[in-house]
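Today I want to look up the charged pairs.

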Amino acid sequence: MKVSFDFDGTLDKPSVQEYCKSLIDSGIEVWLCTARVPSEMAVSIHWNDDLYRVCEKVGIIKERVKFCAYEDKYHFFKDSDFLWHLDDDWVELEMINKYTKTKGISVFGQRNWINKCDKLIEKFKNKKPD
């Protein structure tokens with residue numbers, strides 16, 4: 001099972017980092033999908049240092065970081081098997097929900113987002129094989 005987090009406005013929050021780490025500790029494959037550009041395309045090679053520090057802290061490996069370079073994220077999720085993606089951008093979420101099987105979930109709404117994420121994880125775990 002794969003899930004994904006946005007960075008700016010989402011995984012940069014300590015409460016989201018805590019939840020993300022708990023998922024990784026439970027064996028769920030966690031990715032980071034960001035609109036940012038990779039460091040080699042940025043103004044400075046240190047452009048993503050904050051992002052990589054958080055990834056290291058929660059346990060997301062570099063191979064599971066997707067830089068969309070300002071392209072709409074739904075392209076990344078279009079032919080994927082991600083269960084959900086947590087984000088703060090309503091436009092990104094709307095497109096993910098419209099054009100992919102991945103469920104886009106908003107990080108806004110106090111801790112309601114955790115309930116939505118957990119319900120989808122439980123539903124996936126309880127799904128009977130075809």
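First, my term: I call it a salt bridge when a side-chain nitrogen of Lys or Arg lies within 4 Å of a carboxyl oxygen of Asp or Glu. I'm working on a predicted model, where local features need pLDDT of at least 70, side-chain atom pairs count only at pLDDT 80 or more, and totals for chains, interfaces and linings use all residues. Residues are numbered from 1 along each chain as its sequence is written, and side-chain values use heavy atoms, with hydrogens and water left out.

I looked up how many salt bridges there are, and the structure holds seven.

Entry on D81 and K2. I found a salt bridge here, with the closest N and O atoms 2.9 Å apart. Buried or exposed? I checked both: D81 is exposed at 56% relative accessible area, while K2 is buried at 18% (buried is under 20%, exposed over 50%, partly exposed in between, with a 1.4 Å probe and protein chains only).

Entry on R36 and D50. This salt bridge has its closest N and O atoms 2.9 Å apart. R36 is in the loop between strand 2 (29-34) and helix 3 (49-58) and D50 is in helix 3, so the pair ties together parts 14 residues apart in sequence. I have R36 down as buried, at 10%.

Key. Helix = DSSP H or I, 4+ residues; strand = E, 2+ residues; numbered from the N terminus.
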